[in-house]
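Please look at the sequence and the model before reading on.

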Amino acid sequence: MSSLALTLPSPSLVSVRSTKLGRSFSNGGRNWSGLTKLSEKSKSRRSYGLCCRAELSELAPVASAAYGVLLLGGGLFAYSKSGSKGSLFGGLTGSALMASAYFLTKSPETRVLGDTIGLGAAFLFSSVFGFRLASTRKPVPAGPLLLLSIGMLSFFVMVYMHDSLPPISIPDPLPLP
C-alpha cells in the first residue's frame, strides 16, 4: 500500500485540521485536502453528495450579507405593518453594519476588523432582542430574532478566533520509507 504525501516548503507556517477523509492543510490561503492512505477512499461506498470544504473565514462575508438582508427585511416589514420607526432604524443600522462587515471580511488585510464589526453588531442585536423578549414576554418576533442573533454571535466569535490566532508552525515531515 502506498500513501499520499504532501511536502511543504521549509520553514512554513501552516494550519492543520482533521476532516472525515484525512487532514486538511492550509498555507497562505491555499488549501490542500488529502487522504492519509489511498485505500481509505475505496473502503467507503457511501457518497456524501456535495461537500463544502470552505473555512470559517471564507463563509464570513456570505453570513454577514445574509444576516444584514434579514435585518433590513425585518425592519422594513415591521415599519410597513405597524409604523415602527425604531424597527426601521434598527434594520437600517444592522444592514449598514453588516454591509461594512461584508466588505471588510472580503480582504485578508481587514478581515479581523470586519469580524469584529460583525461580532459587535450580533452582540448588539442579541442584547436588543433579549431585552425586548424579557420586557414583552411575547415570543414572536423577538424570540426567533434572538435565536438568529445568538447564532450569528457564536459564528462571529468562532471566525474572529480563527482569524486572529496565529497559525502554528509544523516541522517538515519525515520522508516515507
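The model is predicted: local features need pLDDT of at least 70, side-chain atom pairs count only at pLDDT 80 or more, and totals for chains, interfaces and linings use all residues. Residues are numbered from 1 along each chain as its sequence is written, and side-chain values use heavy atoms, with hydrogens and water left out.

**Overall build**

The protein chain contains five helices and three strands; helices (H or I, at least four residues) and strands (E, at least two) are DSSP runs, numbered from the N terminus. Starting at the N terminus, the order of elements is β-β-β-α-α-α-α-α. The protein chain has 177 residues, of which 27% count as buried; buried means under 20% relative accessible area, exposed over 50%, and partly exposed in between (1.4 Å probe, protein chains only). Its accessible surface is about 12000 Å², and 67% of this belongs to carbon and sulfur atoms. Such areas come from the Shrake-Rupley method with a 1.4 Å probe, and for residues only the protein chains shown count as cover. Among contacts (heavy atoms within 4.5 Å) between residues at least 6 apart in sequence, 56% join residues at least 24 apart.

**Annotated spans**

An unreviewed UniProt entry lists residues 59-79, 86-104, 116-133 and 145-162 under "transmembrane region". UniProt positions are given in the numbering used here, feature names are shortened, and annotations may be inferred rather than shown by experiment.

| Span | Distance between end C-alpha atoms | Helix and strand content |
|---|---|---|
| Residues 86-104 | 27 Å | 100% helix, 0% strand |
| Residues 145-162 | 25 Å | 100% helix, 0% strand |

**A nonpolar patch**

Val112, Val157, Tyr160, Met161 and Leu165 make a nonpolar surface patch of about 410 Å². Patches consist of residues with over 30% relative accessible area and no salt bridge, where like charges are joined within 9 Å and nonpolar side chains (Val, Leu, Ile, Met, Phe, Trp, Tyr) within 5 Å. A salt bridge is a side-chain nitrogen of Lys or Arg within 4 Å of a carboxyl oxygen of Asp or Glu. Helix H5 (residues 142-164) supplies the largest share of the patch, three residues. Val157 is found in helix H5 and is partly exposed, with a relative accessible area of 34%.

**The loop between H4 and H5**

Arg137 is placed in the loop between H4 and H5. Arg137 has a positive phi of about 60° although it is not a glycine, and it counts as exposed at 69% relative accessibility. Pro141 also has its place in the loop between helix H4 (111-136) and H5. A cis peptide bond, with omega about 5°, joins Val140 and Pro141.
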